[in-house]
Amino acid sequence: MQWVKVLVGVVGAAALLGLGIILGHFAIPKEADVPAPSISQDLDLEILETVMQHLDANRIRENLRELSREPHLASSPRDEALVQLLLQHWQDPESGLDSAEAPAYEVLLSFPSQEQPNLVTVVSPTGRVLFSCLQSEQNLTGEQAGPDVVPPYAAYAPPGTPQGLLVYANRGTEEDFMNLQTQGIKLEGTIALTRYGGAGRGAKAVNAAKYGVAGVLVYTDPADINDGQSSANETFPNSWHLPPSGVERGSYFEYFGDPLTPYLPANPSSFRLDPDAAPGFPLIPTQPIGFDDAKILLCNLQGTVAPAAWQGALGCDYKLGPGFRSDGDFPADSQVNVSVHNRLELRNSSNVLGIIRGAVEPDRYVLYGNHRDSWVHGAVDPSSGTAVLLELSRVLGTLLKKGTWRPRRSIVFASWGAEEFGLIGSTEFTEEFFSKLQERTVAYINVDISVFANATLRAQGTPPVQGVIFAAAKQIPAPSPVGLSIYDNWIRYSNRSSSAYGLVPSLGSLGAGSDYAPFIHFLGISSMDIAYTYDRSKTSARIYPTYHTAFDTFGYVDKFVDPGFGSHQAVARTAGSVLLRLSDSLFLPLNVSDYGETLRSFLQAAQQNLGGLLEQHSISLGPLVTAVEKFEGAAAALDQHISALHKGTPDPLQVRMLNDQLMLLERTFLNPRAFPEERYYSHVLWAPRTGSVATFPGLANACSRAMNTGLGSAAWAEVQRQLSILVVALEGAAATLRPVADL
């Protein structure tokens, strides 16, 4: 009588679901003129068009003017004032949301000392100061000075005053330091001058310390950010390029989240690590400087001429050192002193959450967030995103208060705190509500920097969100050229050939550069990041030039980045359309079949680049091939099931079961034991890849480490373990997509 038990279970589940939906419905406060929600409520295209029409570029511009009016470093008085501004907007009686709150976490931040400013000098053998790097950026527009402008520093770099001969270490990768050592350059006790790019900020200091370097300097080379332009008349305020005194601030902490409470929310009662023993901090003093100062140091170095790939645009031949040349500006035996006086402090940092409760499925959440804190004024990063967030929530809040709309599912708007120090606010939120978010979150939409530049849309995300982004972009006119949709304009700049769709825009993958990281890597929630960006054929800049400097101001955006704010409006419309499609559609617009292309691409790369090597060690890719095929088959069958439901009149339980399959697919790729050396990374498809082959990261990394080891080594055993992890994950994903009654 097993079928009887199954039937009873299904009927009981249906009854409980119906009761849950009814309770959820009546738990929502009703305005007198709000129409009763329909259990089959679907995306209302008229509402969607109304939202698109009411998103106002001028309002976004004024939002940005206010948000970036003053520096708002995390936990500063201005940062807390912006918390209140967001609460005020989201509690407005005419355009606010259902509720808003600002929970705070007690987190470890790092600041430079006001009493002892950090300083980089060149000193003679007798200790006389021969040259001092600027301690602050030049006040070019009247906005780069003042007590609230934090001077350039490397957050979480330890205090210290190392002194030694200068060496040039390119981008500070481990290979760069190995290259110097191979050339016979003694690195112990030296000061290494490095440039941004190639390796993460913190990695530069970690790599340097491995080779005995005493201190690290970091600068931005005009070749990497300014297309080679470096003179005052070629740079801000005369163009959008970084001026010579510009210095990129940033966090040098290796991980993300509060440094003292990994995997625990940073509440007052939580266990905390000893700050003196906590991992992830740079081991040696580190300080960023401007390229004008870097030029004086680098162009006076002696030694071998650096390789061509290490050269830049400072107007001289870059040499490796160590030490200065005898015919330069300093005596040959002069040394560089790096005096760092950073301090660690426990501070309260707030997230701001604004909630619109769903009418039919209030227990399903669509999250939309960006961070609030900046290093200085932060007009581009992050206030361009916050300006869009405020305008989108205003338009939706107005419809909500008028009683003309309520989403099918709940929407949560989030303004994260302390992102610049290591994605802290968003990570603490995911730690505190881990189970709830994993069980109930449909997707996470991140709009951090909304506009890098005004050429084209740029989107990153996991494969299931590709379709909903494309659908939104096809319906919205591009700011320019006139007559094209955002989708049509996007495909002109960045495209790929899809076996399923032909030529489509390229969707980038998600790393850990913004607040989507804990949602995708830690929780396994389908995530995306949406922005407008530049024409890559016209610039080689790795990011917009005034990134993390005191020159990232409202005037910079208004004059150079997006005059007229048409690209900000385009991002608001695109992200808003995606949000409504996810929150209001009867069937979730997550196309799980799109994962098949990624899996097939990863598999082919493994077969072509690693297959022969694996065979030499008696390791077969056969089980992985079978697992990919199982996933493709299950996804195709689910697509057919969805089509059949679209043509019929499905009952609420059928809709709910299907949507849960779509929502939960991403979770099946999590394995918290897959990467024990990493923190928070558990997604077996999107964890960091250090191996050179563009395939499954665990397999690529394990093969890279095992390459030069013998048969039967522990490294090759790890390759086998990673293969098993992948097979189990893919088989689990396929099982999730099969009919729910098939156990």
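## Confidence of the predicted model

The protein chain has an average pLDDT of 94, and 95% of the residues score at least 70; pLDDT is the predictor's confidence in each residue, on a scale from 0 to 100. This is a predicted model, in which local features need pLDDT of at least 70 and side-chain atom pairs count only at pLDDT 80 or more, while totals for chains, interfaces and linings use all residues. Residues are numbered from 1 along each chain as its sequence is written, and side-chain values use heavy atoms, with hydrogens and water left out.

Over residues 1-33, pLDDT stays under 50. For this stretch the model has 20 contacts beyond four places in sequence, where contact means heavy atoms within 4.5 Å. Where pLDDT is low, the predicted coordinates should not be read in detail.

## A four-stranded open sheet

Helices (H or I, at least four residues) and strands (E, at least two) are DSSP runs, numbered from the N terminus. Four strands form an open sheet in the order E4-E3-E12-E6, with antiparallel pairing; two strands pair if DSSP finds at least two bridges between them. Strand E4 (129-132) and strand E6 (163-164) stand at the edges, each with a single partner strand, so one side of each has no neighbour in the sheet.

Strand E3 (residues 119-123) and E12 run antiparallel and are joined by five bridges. Val120, for example, has Val338 in E12 as its bridge partner. Strand E12 (residues 335-339) also pairs with E6 in the antiparallel sense, over two bridges. Here Gly164 has Val336 as its bridge partner, and Gln163 stands opposite Asn337. E12 is mostly covered, since four of its five residues are buried; buried means under 20% relative accessible area, exposed means over 50%, and partly exposed lies in between (1.4 Å probe, protein chains only).

## One face of helix H8

Which residues of helix H8 (residues 291-298) are buried? They are Phe291, Asp293, Ala294, Leu297 and Leu298. Seen down the axis of H8, these buried residues fall within an arc of 150°, so they line one face of the helix. The arc is that of the directions from the helix axis to the C-beta atoms.

## Two buried residues with polar contacts

Arg195 belongs to strand E8 (residues 191-195). Its relative accessibility is 1%, and Arg195 therefore counts as buried. The side chain of Arg195 makes a polar contact of 3.1 Å with the side chain of Tyr168. A polar contact is a pair of N or O atoms within 3.5 Å; within protein, one must be able to donate a hydrogen and the other to accept it, and residues adjacent in sequence count only if both atoms are side-chain atoms.

Tyr547 is located in the loop between strand E21 (527-533) and helix H15 (554-561). With a relative accessible area of 15%, Tyr547 is buried. Which residues does Tyr547 touch, not counting those up to four places away in sequence? They are Arg201, Glu248 and Asp381. With Arg201, the side chain of Tyr547 also forms a polar contact of 3.1 Å. Tyr547 and Ala379 are 168 residues apart along the chain, and their C-alpha atoms are separated by 9.7 Å.

## Cis peptide bonds and positive phi angles

Most residues other than glycine have a negative phi, and most peptide bonds are trans. In this model, the peptide bond from Phe236 to Pro237 is cis, with omega near 15°. Pro237 lies in the loop between helix H7 (222-225) and strand E10 (250-251). The peptide bond from Gly321 to Pro322 is cis as well, with omega near 5°, and Pro322 is found in the loop between H8 and E12.

Tyr263 is not a glycine, yet its phi is positive, at about 70°. This residue sits in the loop between E10 and strand E11 (286-288) and, at 42% relative accessibility, counts as partly exposed. Phe565, another residue other than glycine, has a positive phi near 60°. Phe565 lies in the loop between H15 and helix H16 (566-584), and its relative accessibility of 0% makes it buried.

## An annotated region

For residues 619-738, UniProt lists "domain: Transferrin receptor-like dimerisation" in an unreviewed entry. UniProt positions are given in the numbering used here, feature names are shortened, and annotations may be inferred rather than shown by experiment. In the model, this span is 61% helix and 0% strand, and its end C-alpha atoms lie 29 Å apart.
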